[in-house]
Amino acid sequence: MTRKLIAVTACATGVAHTYMAEKALIQAAKKMNILIKVETQGATGIGHYLTPRDVQIGEVVILATDTKIRDSDRFDGKKIFQVGVSDPIKNAEKVINNALALTDTN
């Protein structure tokens, strides 16, 4: 079975790190044969908005953020793995593995 993740990236200024984290998560997930959809909340607004269906099928939510995100109530009841926006830039595979470990404990 293919693992499925969703994520939101957002840095304090909403410029470079938001999109660097998105790219790192997507590249690592592809390498790991994991499906991922990453929503960005940057200076230009929300990109790749996570739909209710996306939220439903995501096993865990990775929040790679250094600022408050919009519409966080969508994730109520979901397992959430919270890290700083720089964490996936430094080691996205580790972030993904740690997020997936949340689902393996139950």
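Which residues does valine 61 touch, not counting residues up to four places away in sequence? I am working on a predicted model, so I keep that in mind throughout. I found contacts from valine 61 to Ile6, Phe75, Lys78, Lys79, Ile80 and Phe81.

**Entry: valine 61**

I placed valine 61 in strand E4. Is valine 61 buried or exposed? Its relative accessible area is 0%, so I noted valine 61 as buried. I also checked valine 61 against lysine 37. The two are 24 residues apart in sequence. In space, their C-alpha atoms lie 10.0 Å apart.

**Entry: threonine 65**

I stayed in strand E4 and turned to threonine 65. Threonine 65 has 11% relative accessibility and counts as buried, because the cut-off is under 20%. I then listed what threonine 65 touches, again leaving out residues up to four places away in sequence. The list holds Val8, Thr9, Ala10, Gln82, Val83, Gly84 and Val85.

**Entry: the sheet**

Next I wanted the strand order. I read an open sheet of five strands, in the order E3-E2-E1-E4-E5. The pairing is mixed. Which strands stand at the edges? I found strand E3 (45-47) and strand E5 (80-83) there. Each has a single partner strand, so one side of each is left without a neighbour in the sheet. I also looked up the turn between neighbouring strands. On average it is 15°, with direction ignored.

I recalled a general point here. Strands of a sheet pair through backbone hydrogen bonds, parallel or antiparallel.

**Entry: strand E2 and its partners**

I followed strand E2, residues 35-42. How do E1 and E2 run, parallel or antiparallel? They run parallel, and six bridges join them. Threonine 9 stands opposite threonine 40 in E2.

On the E3 side I counted three bridges to E2, and here the strands run antiparallel. E2 and E3 form a hairpin, with two residues between them. I wrote down two bridge pairs. Glycine 42 has glycine 45 in E3 as its partner. Threonine 40 is bridged to glycine 47 in E3.

I also checked how covered E2 is. Six of its eight residues are buried, so I marked E2 as mostly covered.

**Entry: helix H1**

I moved to helix H1, residues 16-31. What does H1 lie across? I found strand E1 (4-10), E2 and strand E4 (61-65). H1 runs at about 180° to E2. E1, H1 and E2 together make a right-handed β-α-β unit.

I tested the length of H1. At 1.5 Å a residue, its 16 residues should span 22 Å. The end C-alpha atoms are 23 Å apart, which agrees.

Then I sorted the residues of H1 by burial. Thr18, Ala21, Glu22, Ala24, Leu25, Ala28 and Ala29 are buried. Seen down the axis of H1, the buried residues fall within an arc of 170°, so they line one face of the helix. An α-helix has 3.6 residues a turn, so residues three or four places apart point the same way.

What do the buried residues of H1 pack against? I noted E1, E2, E4 and H3. On the other side of H1, I found Lys23, Lys30 and Lys31 exposed.

**Entry: helix H3**

I looked at helix H3, residues 86-104. H3 lies across E1, E4 and E5. Against E5, H3 runs at about 155°.

**Entry: positive phi values**

Last, I went through backbone angles. Asparagine 33 follows H1 and has a positive phi, near 60°.

Where is histidine 48 found? It sits in the loop between E3 and helix H2 (52-57). Phi of histidine 48 is near 60°, a positive value in a residue other than glycine.

I noted aspartate 71 too, in the loop between E4 and E5. Its phi is near 60°, again positive in a residue other than glycine.

How values were computed: Residues numbered from 1 in each chain as written. Predicted model: local features only at pLDDT ≥ 70, side-chain atom pairs only at ≥ 80, totals over all residues. Heavy atoms only, no water. Pairing = 2+ DSSP bridges. Helix = DSSP H or I, 4+ residues; strand = E, 2+ residues; numbered from the N terminus. Axes fitted to C-alpha atoms, helices over the stretch in contact; angles between N-to-C directions. Contact = heavy atoms within 4.5 Å. Buried < 20%, exposed > 50% of the residue type's maximum accessible area, 1.4 Å probe, protein only. Right-handed = clockwise from strand over helix to strand, strands pointing away. Expected span 1.5 Å × (residues − 1). Arc of directions from axis to C-beta.
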